[in-house]
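Morning, everyone. I have one structure for you today, and I'll keep it short. Please look at the screen.

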Amino acid sequence: MIELCISLFGWIGAIISLYAYYSVSTNRMEGTSFKFQFLNILGAALILINSTYYGAMPSVMVNFFWMVIGFGSVMQFRKVKRA
(Lines give C-alpha, C1' and ligand atoms only; values in the text may rest on other atoms or scores of the structure.)
Protein backbone atom coordinates (compact mmCIF):
# COMPACT_ATOMS: atom_id res chain seq x y z
CA MET A 1 0.00 0.00 0.00
CA ILE A 2 2.82 2.41 0.86
CA GLU A 3 4.46 1.81 -2.52
CA LEU A 4 1.20 2.66 -4.28
CA CYS A 5 0.96 5.95 -2.36
CA ILE A 6 4.60 6.79 -3.08
CA SER A 7 4.09 6.03 -6.77
CA LEU A 8 0.96 8.19 -6.84
CA PHE A 9 2.91 11.03 -5.20
CA GLY A 10 5.45 10.83 -8.00
CA TRP A 11 2.87 10.78 -10.76
CA ILE A 12 0.78 13.57 -9.25
CA GLY A 13 3.92 15.66 -8.68
CA ALA A 14 4.96 15.15 -12.30
CA ILE A 15 1.51 16.15 -13.55
CA ILE A 16 1.47 19.27 -11.34
CA SER A 17 4.94 20.31 -12.50
CA LEU A 18 4.07 19.76 -16.15
CA TYR A 19 0.81 21.66 -15.74
CA ALA A 20 2.69 24.63 -14.26
CA TYR A 21 5.25 24.57 -17.08
CA TYR A 22 2.55 24.24 -19.73
CA SER A 23 0.55 27.10 -18.20
CA VAL A 24 3.53 29.45 -18.27
CA SER A 25 4.60 28.34 -21.74
CA THR A 26 1.14 29.06 -23.14
CA ASN A 27 0.77 32.39 -21.28
CA ARG A 28 -2.07 31.08 -19.12
CA MET A 29 -0.09 31.80 -15.98
CA GLU A 30 2.67 34.25 -15.15
CA GLY A 31 6.04 32.78 -14.29
CA THR A 32 6.31 35.32 -11.51
CA SER A 33 2.94 34.45 -9.97
CA PHE A 34 2.48 32.91 -6.55
CA LYS A 35 0.30 30.19 -8.11
CA PHE A 36 3.11 29.11 -10.45
CA GLN A 37 5.64 28.99 -7.62
CA PHE A 38 3.22 27.12 -5.35
CA LEU A 39 2.59 24.50 -8.05
CA ASN A 40 6.33 24.12 -8.59
CA ILE A 41 6.97 23.67 -4.87
CA LEU A 42 4.12 21.16 -4.51
CA GLY A 43 5.11 19.18 -7.60
CA ALA A 44 8.76 19.10 -6.56
CA ALA A 45 7.86 18.01 -3.01
CA LEU A 46 5.79 15.09 -4.26
CA ILE A 47 8.47 14.01 -6.74
CA LEU A 48 11.09 14.42 -4.00
CA ILE A 49 9.19 11.99 -1.76
CA ASN A 50 8.95 9.48 -4.59
CA SER A 51 12.59 9.88 -5.61
CA THR A 52 13.86 9.55 -2.05
CA TYR A 53 11.84 6.39 -1.48
CA TYR A 54 13.17 4.78 -4.66
CA GLY A 55 16.74 6.05 -4.18
CA ALA A 56 16.84 8.18 -7.32
CA MET A 57 19.40 10.62 -5.95
CA PRO A 58 19.82 12.85 -9.05
CA SER A 59 16.06 13.45 -9.02
CA VAL A 60 16.17 14.06 -5.26
CA MET A 61 18.78 16.78 -5.75
CA VAL A 62 17.00 18.43 -8.68
CA ASN A 63 13.67 18.54 -6.87
CA PHE A 64 15.21 19.69 -3.61
CA PHE A 65 16.76 22.70 -5.32
CA TRP A 66 13.59 23.24 -7.38
CA MET A 67 11.76 23.64 -4.06
CA VAL A 68 14.45 25.94 -2.64
CA ILE A 69 14.18 28.19 -5.70
CA GLY A 70 10.37 28.20 -5.41
CA PHE A 71 10.51 29.08 -1.72
CA GLY A 72 13.01 31.84 -2.49
CA SER A 73 10.64 33.30 -5.08
CA VAL A 74 7.70 33.18 -2.68
CA MET A 75 9.75 34.95 -0.02
CA GLN A 76 10.70 37.60 -2.59
CA PHE A 77 6.98 38.08 -3.38
CA ARG A 78 6.26 38.60 0.31
CA LYS A 79 9.02 41.21 0.62
CA VAL A 80 7.71 43.12 -2.40
CA LYS A 81 4.14 42.91 -1.13
CA ARG A 82 5.11 44.37 2.26
CA ALA A 83 6.93 47.29 0.71
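**How much is buried?**

Let's start with burial. The protein chain has 83 residues, and 31% of them are buried. Keep in mind that this is a predicted model.

Next, the surface. The accessible surface of the protein chain comes to about 5,900 Å². Carbon and sulfur atoms own 73% of that area.

Now the elements. How many helices and how many strands does the protein chain have? Three helices, zero strands. Read from the N terminus, the order is α-α-α.

What about overall dimensions? Along the principal axes, the C-alpha atoms fill a box of roughly 45 × 25 × 20 Å.

Let's look at one helix pair. Two packed helices are described by the angle between their axes and the distance between the axes. Here, helix 1 covers residues 2–25, and helix 2 covers residues 34–54. Their axes come within 8 Å. They cross at roughly 150 degrees. Why do we call the pair roughly antiparallel? Because the crossing angle of roughly 150 degrees is over the cut-off of 145, helix 1 counts as roughly antiparallel to helix 2.

The crossing of helix 1 and helix 2 is left-handed. And which residues make up the contact between them? There are 19 nonpolar residues, seven polar and two charged.

That's my tour. Over to you.

Technical notes:
Residues are numbered from 1 along each chain as its sequence is written. This is a predicted model: local features need pLDDT of at least 70, side-chain atom pairs count only at pLDDT 80 or more; totals for chains, interfaces and linings use all residues. Side-chain values use heavy atoms; hydrogens and water are left out. Helices (H or I, at least four residues) and strands (E, at least two) are DSSP runs, numbered from the N terminus. Buried means under 20% relative accessible area, exposed over 50%, partly exposed in between (1.4 Å probe, protein chains only). Accessible areas come from the Shrake-Rupley method with a 1.4 Å probe; for residues, only the protein chains shown count as cover. Axes are lines fitted to C-alpha atoms, for helices over the stretch in contact, and angles run from 0 to 180 degrees between N-to-C directions. Angles under 35 degrees count as roughly parallel, over 145 as roughly antiparallel, 65 to 115 as roughly perpendicular and the rest as oblique. A crossing is left-handed if the near helix is turned anticlockwise from the far one by less than a right angle, and right-handed if clockwise. Ala, Val, Leu, Ile, Met, Phe, Trp, Tyr, Cys and Pro count as nonpolar, Asp, Glu, Lys and Arg as charged, and the others, Gly among them, as polar.
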